Amino acid sequence: MKDGSLNRLFSPISIAGLELPNRVVMAPMTRSFCGDSGVPTQAVADYYAARAAGGCGLIITEGTVINMTDARGYSGIPAICTDAQQAGWQRVTDAVHRAGGKIAIQLWHTGRLGHSRAMQGGRPLAPSAITAEGLFRDFGDGETLAHEIPYEQPQAMSAEQIARTCGEFAAAAKRAKTAGFDAVELHGANGYLIHTFLNAESNQRSDEFGGDMAGRSEFAVRVIRAVKAQIDELPLSIRLSQHAVNNYEWSTWADQNELQTCLELLKAAGADLLHSSGYRLNAPAFGDGESLVAALKRLGGLPAIGSGGITYSNSTAESFAGELPELTDPVESEQAIERGACDLVAVGRAMIANPDWATRVGAGQWRQLLPFSPAMLGSL
Ligand SMILES: Cc1cc2nc3c(=O)[nH]c(=O)nc-3n(C[C@H](O)[C@H](O)[C@H](O)COP(=O)(O)O)c2cc1C
């Protein structure tokens, strides 16, 4: 039975023609269980199917790379650029659909945050040859966790490499549609390739892909157009953040005007849905004031997914430092939808710890949710 105070969270919604039974989204989360081949296994299919059976309205997969060379900068992460990988994903979408769910793929290029030690012969790419600050950590490669490994200097992308990469995003999206996905999301957040084009610190180009906000949005625009041309009626989401995983202080958009310029271009190129990545659903995007997701929705004029700390008191960074979260009331999500700050909410760590998160929360049993601990990443 549904908890009456969460009527909006558990009400249906249609996103560019995709009918969802509720507003609960499984956040994209890298799990590194796809070996050297990048092929999702039956265990991966079972993992996602369990979240669909648990009542989640839309699953967004872990970041899935568009090639095995320069895009795959961590070990064990999935890809979708070969027939075997596509067949692996078909197994996943079939399992999710059989369990009554809907599933989007998150397409990813790890950019300058990836390391050549995980790549099959490539080197990290970025808009400019500026090395990321911080240290490379790969959950699929224990040695990088035990020893400090700096990021590598990336190669500044040539016009040909930009065109090739847009083509690879498009080819991956085409495979995703054929493999049965219900939607496609581009990973435009957290310091990876698309995000490094948007950010002025990492993008110091003087050609049409750099300069002002419109120029820095051009790569994302080209990727969106290229992908959209391959997926016909499937909705296209783009995930965006102010921060990068190697620099929480990053502010990609200096102010609302920059964000508006960027979003208008992304929408005109074909984005249907905007997905905010943050540490707290209501954290202000610009000093104080509205959250990033509220700003995305208002300035972008598109439906939006909020995320960050749903039903947990702490952040991912605090979790990885070993802190167990307290449980928090899901009414926060209901209220965000009610006041028009977002349309859907993405649940991350709590969805790893609780495959039946949606069913439990819908039944008013949020106090029985399990807390997340990093040890849970050791198996699917
Ligand atoms: C283990 C793990 C892996 C993640 N991998 C991705 C990813 O591949 N793509 C992405 O956009 N975000 C990724 N994230 C961020 C989550 O999608 C989400 O935004 C974050 O966990 C905050 O939500 P939460 O507080 O509900 O966990 C990851 C988070 C975790 C904990």
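**Overall build**

Please keep in mind that this is a predicted model. The protein contains 12 helices and 14 strands. Its C-alpha trace spans about 55 × 45 × 40 Å along the principal axes. For 380 residues, a compact globule would have a radius of gyration near 21 Å, and the 19 Å found for the protein agrees with that.

**Helix pairs**

Two packed helices are described by the angle between their axes and the distance between the axes.

| Helix pair | Angle | Axis distance |
|---|---|---|
| α1 (residues 42-53) and α2 (residues 83-98) | roughly 25 degrees | within 8 Å |
| α4 (residues 159-178) and α6 (residues 213-231) | about 35 degrees | 8 Å |
| α7 (residues 256-269) and α8 (residues 292-300) | about 60 degrees | 9 Å |

Let us start with α1 and α2, whose axes cross at roughly 25 degrees. Angles under 35 degrees count as roughly parallel, so α1 is roughly parallel to α2. The crossing of α1 past α2 is right-handed. On the α1 side the contact is made by Gln42, Val44, Ala45, Asp46, Tyr48, Ala49 and Ala52, and on the α2 side by Arg91, Val92, Ala95 and Val96. By type, these residues comprise 8 nonpolar, 1 polar and 2 charged.

Next come α4 and α6, where α4 also passes its partner in a right-handed crossing. From α4, the residues Ile162, Cys166, Gly167, Phe169, Ala170, Ala173, Lys174 and Lys177 take part. They meet Phe219, Arg222, Val223, Ala226, Val227, Ala229, Gln230 and Ile231 of α6. This contact between α4 and α6 holds 11 nonpolar, 2 polar and 3 charged residues.

In the last pair, α7 and α8 pack at about 60 degrees, and these two helices are therefore oblique to each other. The crossing of α7 past α8 is right-handed. Gln256, Leu259, Gln260, Leu263 and Lys267 of α7 face Ala295, Leu296, Leu299 and Gly300 of α8 in this contact.

Definitions and conventions:
Residues are numbered from 1 along each chain as its sequence is written. This is a predicted model: local features need pLDDT of at least 70, side-chain atom pairs count only at pLDDT 80 or more; totals for chains, interfaces and linings use all residues. Axes are lines fitted to C-alpha atoms, for helices over the stretch in contact, and angles run from 0 to 180 degrees between N-to-C directions. Helices (H or I, at least four residues) and strands (E, at least two) are DSSP runs, numbered from the N terminus. Angles under 35 degrees count as roughly parallel, over 145 as roughly antiparallel, 65 to 115 as roughly perpendicular and the rest as oblique. A crossing is left-handed if the near helix is turned anticlockwise from the far one by less than a right angle, and right-handed if clockwise. Two residues are in contact if their C-beta atoms, placed from the backbone, lie within 7 Å. Ala, Val, Leu, Ile, Met, Phe, Trp, Tyr, Cys and Pro count as nonpolar, Asp, Glu, Lys and Arg as charged, and the others, Gly among them, as polar. The radius of gyration is taken over C-alpha atoms; the globule rule is 2.2 Å times the number of residues to the power 0.38.
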